[in-house]
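Let's take a friendly walk through this protein, one region at a time. Keep the viewer open as you read.

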Amino acid sequence: MNGVMKLSRTLRRRVLVSLLLCAFVVAPSANVTAFAPRQVDLVVRGGTIVTMDARGTLIEDGAVAVHRGRIVALGKRAEVERDFAGRETIEARGRVVMPGLINGHTHVPMVLFRGLADDLDLNEWLTKYIFPAEGKNVTEDFVRVGTRLGLAEMIRGGTTTYCDMYYFEDAIADETAKAGVRGVLGETVIDFPVADNKTFAEAMSYTEKFVEKWRGHALVTPAIAPHAPYTVSEEHLKAVRDLSNRLRATIVIHVAETRKEVEDVTRDHGASPVSYLARIGFLYDRVIAAHTVHLTTEEIELLKRLGVGAVHNPQSNMKLASGVARVPEMLRADLSVGLGTDGAASNNDLNMWEEMDTAAKLHKLTTNDPRVLPAREVLEMATIRGARALHLERETGSLEKGKRADLIVVDMDALHQTPMYNVYSHLVYATKASDVRSVVIEGRVVMRDRRLLTLDEEAIKRDARAYRVRISESLAPAAVSPAATPGQERDGGATRRPKRESTTPARRKPARRS
């Protein structure tokens with residue numbers, strides 16, 4: 001009996017082995033298929049991948065696989081190409097592959113005013129040029145033409161995400177989506193008549209419809225943009241806060257841009273801009289505060305505690321003599337602070353490479369310490385920390401599996417980049433916008449080998465030049481008239497309201513934004 005049982009067990013084992021062998025021999029194709037590369041939309045291969053992740057990962061001879069707008073893999077080129085095959089490829093050998101840059105604050109249509117007037121007395125610059133130019137020229141068509149020009153400039157310079165505040169923001173969103181660029185786009189609300197809405201109520205109605213229309217869009221994050229705590233009343237700021245809470249919408253606002261703003265808000269409300277906004281419950285983790293030049297240590301800690309994002313605009317603040325933000329202290333406090341260009345009328349371009357270089361050197365000079373804002377930290381401000389400032393860090397700002405595929409390929413072989421010892425140093429101090437070779441946003445190639453694929457460069461320049469003629473004619477000496485009511489001043493790129501008792505809202509001119 002024992003012998004029979006042993007024989008039975010032996011037969012069962014032999015049958016099982018035979019079946020396994022048959023399965024292997026009969027179905028070899030299944031085995032091959034299991035190891036075939038997975039088809040994806042795009043593979044960027046070769047080059048040095050500067051991920052800007054928390055570990056500071058650098059991958060030499062790397063590759064990034066992209067599918068349905070997201071990064072599905074990144075690593076060594078040989079490993080990625082073994083597992084993934086792209087329907088489309090970008091060759092990055094000898095170049096840097098890195099996250100797209102994030103312009104944390106601008107007024108994109110104002111590229112049509114760049115160079116309109118510079119190096120003038122502030123009041124003359126405003127009353128004779130900017131106010132009349134906006135009052136006589138800003139329409140939806142103006143905004144669309146200016147937005148296309150700004151988008152083309154930003155793509156060429158490797159900017160894949162930007163935060164905007166202007167008029168007709170629905171048109172800006174439309175042009176941004178068509179161009180394939182990511183944007184946090186804020187419709188302006190303000191307490192006097194402007195180009196698109198003549199009353200606060202109209203602006204809030206427009207803004208609510210705008211947010212509802214674009215909410216959930218892959219590229220556009222609609223936002224509410226009360227201009228500043230001195231151009232929007234406390235009652236209206238609270239209304240903006242309530243709308244933001246109801247719609248779960250981001251808020252974009254100018255804060256503490258100039259000393260005079262701080263003095264005036266303190267006089268009118270008994271507290272500095274940051275303290276005043278905190279007191280009325282306006283500051284929380286969906287707010288983006290542009291400029292934040294004049295802050296105390298306590299206010300920096302308050303912004304950090306409340307989860308507010310801040311955006312440093314070094315070149316615009318220098319050009320308008322607004323002051324120097326306490327960025328080294330903000331970074332030590334781990335405040336989410338990004339970089340922005342501000343509007344091109346006070347910069348005069350949308351070049352984030354210049355902003356990085358300027359930020360690093362400005363703060364070394366003003367602190368008399370060459371160790372502050374090292375290159376890697378500044379690059380973080382233009383990428384992952386900039387994403388944190390816009391409350392988008394889970395989606396973009398670094399190259400990591402699962403994140404949106406927003407990346408750029410940068411040439412590193414120009415004369416001004418030769419030789420290279422440290423990639424972070426080269427990207428911040430030596431690289432130019434013209435070194436950006438290709439740009440991918442949401443997995444879509446929007447520029448390849450310096451050629452724009454979603455925008456018509458010649459048509460854009462033609463339309464912009466036509467507006468130059470119109471703007472110039474509108475500002476001819478005979479056509480120029482005083483554009484600011486008595487007492488209306490300009491501080492650091494934002495319109496300062498006259499004292500309320502001397503204000504006639506219907507006579508106000510559109511405010512130039514900064």
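## A threonine and its neighbours

Leaving aside its neighbours within four places in sequence, T176 is in contact with T147, L151, Y162, V181, G183 and L185; contact here means heavy atoms within 4.5 Å. You will find T176 in helix 6. Helices (H or I, at least four residues) and strands (E, at least two) are DSSP runs, numbered from the N terminus. T176 is buried, with a relative accessible area of 0%. Buried means under 20% relative accessible area, exposed means over 50%, and partly exposed lies in between (1.4 Å probe, protein chains only).

A word on what you are looking at: this is a predicted model, in which local features need pLDDT of at least 70 and side-chain atom pairs count only at pLDDT 80 or more, while totals for chains, interfaces and linings use all residues. Residues are numbered from 1 along each chain as its sequence is written, and side-chain values use heavy atoms, with hydrogens and water left out.

## Helix 5 meets helix 6

Two packed helices are described by the angle between their axes and the distance between the axes. For helix 5 (residues 140-156) and helix 6 (residues 169-179), the axes come within 9 Å and cross at roughly 35°. Axes are lines fitted to C-alpha atoms, for helices over the stretch in contact, and angles run from 0 to 180 degrees between N-to-C directions. The crossing of helix 5 with helix 6 is right-handed; a crossing has that name if the near helix is turned clockwise from the far one by less than a right angle, and is left-handed if anticlockwise.

Which residues make the contact? Helix 5 supplies E140, V143, R144, T147, R148, L151 and I155, and helix 6 supplies A171, I172, D174, E175, T176, K178 and A179. Sorted by class, the contact of helix 5 with helix 6 has six nonpolar, two polar and six charged residues. Ala, Val, Leu, Ile, Met, Phe, Trp, Tyr, Cys and Pro count as nonpolar, Asp, Glu, Lys and Arg as charged, and the others, Gly among them, as polar.

Now turn to an open sheet of seven strands, with the order 3-2-7-16-17-18-19 and mixed pairing. Two strands pair if DSSP finds at least two bridges between them. At the edges are strand 3 (58-59) and strand 19 (451-452), each of which pairs on one side only.

Strand 16 (407-411) is mostly covered, with five of its five residues buried. In a regular strand the side chains alternate between the two faces of the sheet. From strand 16, L407, V409 and D411 point one way and I408 and V410 the other way, and all are buried. Strand 7 (residues 95-99) pairs with strand 16 in the antiparallel sense over five bridges, and V97 stands opposite V409. Strand 16 also pairs with strand 17 in the antiparallel sense, over four bridges, where L407 faces V440 as its opposite residue. Strand 17 (residues 436-441) and strand 18 (residues 444-448) are antiparallel too, over three bridges, with I441 opposite R444.

## Backbone spots to check

Most residues other than glycine have a negative phi, and most peptide bonds are trans. A256 has a positive phi, near 50°, and sits in the loop between strand 12 (250-255) and helix 9 (259-269). How accessible is A256? Its relative accessible area is 0%, so A256 counts as buried. L373 has a positive phi of about 45° and lies in the loop between helix 14 and helix 15 (375-381); L373 is buried, with a relative accessible area of 1%.

Two peptide bonds are worth a click as well. The bond from N347 to N348 is cis, with omega near 25°, and N348 is in the loop between strand 15 (337-339) and helix 14 (352-367). The bond from T418 to P419 is cis, with omega near -5°, and P419 belongs to the loop between strand 16 and helix 17 (423-429).

L379 is in helix 15 and counts as buried at 0% relative accessibility. Beyond its neighbours within four places in sequence, L379 is in contact with M52, M98, M356, Y424, L427 and V428.

## The whole chain

The protein chain has 18 helices and 21 strands. Of its 514 residues, 58% count as buried.
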